[in-house]
Amino acid sequence: LLPDPEPRRRRHTIISVDDHLIEPADCFEGRLPARFADRAPRIVELDGGREAWAYEDGLYPQVGLNAVVGRPRDEWSMEPARFDEMRPGCFDPHARVADMDIDGVQASLCFPSLIAGFAGTVFTRSRDQELGRAALGAWNDWHLEEWVGAAPDRFIPLQLVWVNDPAIAAADIRANAERGCKAVSFPENPVDLGLPPMIDSHWDPLLAACEETGTVICLHNGSSAWSAARSPGAPLELYTSLFPVNALVTAADWLWAKVPTRFPDIRIAFSEGGISWVPMLIDRITYVLDHSAVGAHGWDDPDVSPIEALRRNFWFCTIDLGSVFALRDHIGVDRICLESDYPHADSSWPDTQEQAALALDGVEAEVVRKVTWQNASELFRHPVPEELRRP
């Protein structure tokens, strides 16, 4: 590991709406019913000293690129990483807060890693469904009690949900909202997991619970194991280059499934997809409505257009603002949020402050405030102290 970097000067208050945690080795200890205790996910050592999670008949190594912050770039790889090769902020919430202080990030929403899957799909696809449900509940308990509980003012509580039964999921969402959960990680396209599509009323109980409780539905890139990449054996860079395509496909699917018209107060955030695809989707839908739409069959709300619904119900989360930020009014400045993606390879840590300052140089103060923290604070109902509401 490299030495600790110097703390960066705070130019802006920043809320990161997409980071990740690496579950510690004791994450599941004592959290499953006694009959499942010996089958709970656990860390095992493999040949060559490698470490991996063991669950049912599968092994889930900590892919190196998922935990590279603080390591020399020439040592980054896809090889499995051990806990003692990681920066402690990857798996220890107190160390994470210290790393957030170095980076100048005030608050963070943290998604799971490979043992759970970004949306809990490792557990929901368990061979033993009772075990899977117990493991998913144990992850939620650990996240709320140990991770968020270590610094409630610095972490935004997230839950995983049992997608195999929307009625159970709805009950859990309501119960976890009572415990303080503000978000749920949901597969971006359930149909890719063999589940009903979003256009199906099958999902209505879950969506209704999210709308009722104000729980934000976070659709993390790759959470349903689909990619637009078409070339077997292609390098990893092909898949990561196409992340915005995932977000575009997902947004179009959820929009034309009429989720925003059926649930007008629902809140949906696209995690790690960037914002470059949003103007393209807006322009394309506008053109389609003017030229190839076939009456009212595709949309059923006479008072809100698809573009208005997209800007009302969807939030767009990005690590880098890039050249398309010039189109921020076209996208909707109230719907853009920042990410640092700690501890992944594309993370802006420890220079999130510097990266934001460069991208926002010369931008009007009201827009800077919205993008750096206010949009995220309002979306996730996570307050920012009064003294940090100014540059």
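At what angle do helix α7 and helix α9 pack, and how far apart are their axes? I'll take that one first, then move to the strands. Keep in mind that this is a predicted model.

Helix α7 covers residues 243-256 and helix α9 covers residues 277-291. They pack at an angle of about 40 degrees, and their axes are 10 Å apart. Angles under 35 degrees would count as roughly parallel and 65 to 115 as roughly perpendicular, so α7 is oblique to α9. The crossing of the two is right-handed.

Who makes the contact? From α7 we have Pro244, Ala247, Leu248, Ala251, Ala252, Leu255 and Trp256. From α9 we have Trp277, Met280, Leu281, Ile285 and Leu289. Sorted by class, that is twelve nonpolar residues, with no polar and no charged ones.

Now the strands. Start with β10, residues 268-271. On one side sit Ile268 and Phe270, and on the other Ala269 and Ser271. In a regular strand, side chains alternate between the two faces of the sheet. Are these four buried or exposed? They are all buried, so both faces of β10 are covered.

β10 also has two pairing partners to mention. Strand β9, residues 216-220, runs parallel to β10 and is joined to it by four bridges. Strand β11, residues 314-318, pairs with β10 in the parallel sense too, over three bridges.

Note on methods. Residues numbered from 1 in each chain as written. Predicted model: local features only at pLDDT ≥ 70, side-chain atom pairs only at ≥ 80, totals over all residues. Heavy atoms only, no water. Buried < 20%, exposed > 50% of the residue type's maximum accessible area, 1.4 Å probe, protein only. Pairing = 2+ DSSP bridges. Axes fitted to C-alpha atoms, helices over the stretch in contact; angles between N-to-C directions. Parallel < 35°, antiparallel > 145°, perpendicular 65-115°, else oblique. Left-handed = near helix turned anticlockwise from the far one by under 90°. Contact = heavy atoms within 4.5 Å. Nonpolar A, V, L, I, M, F, W, Y, C, P; charged D, E, K, R; others polar.
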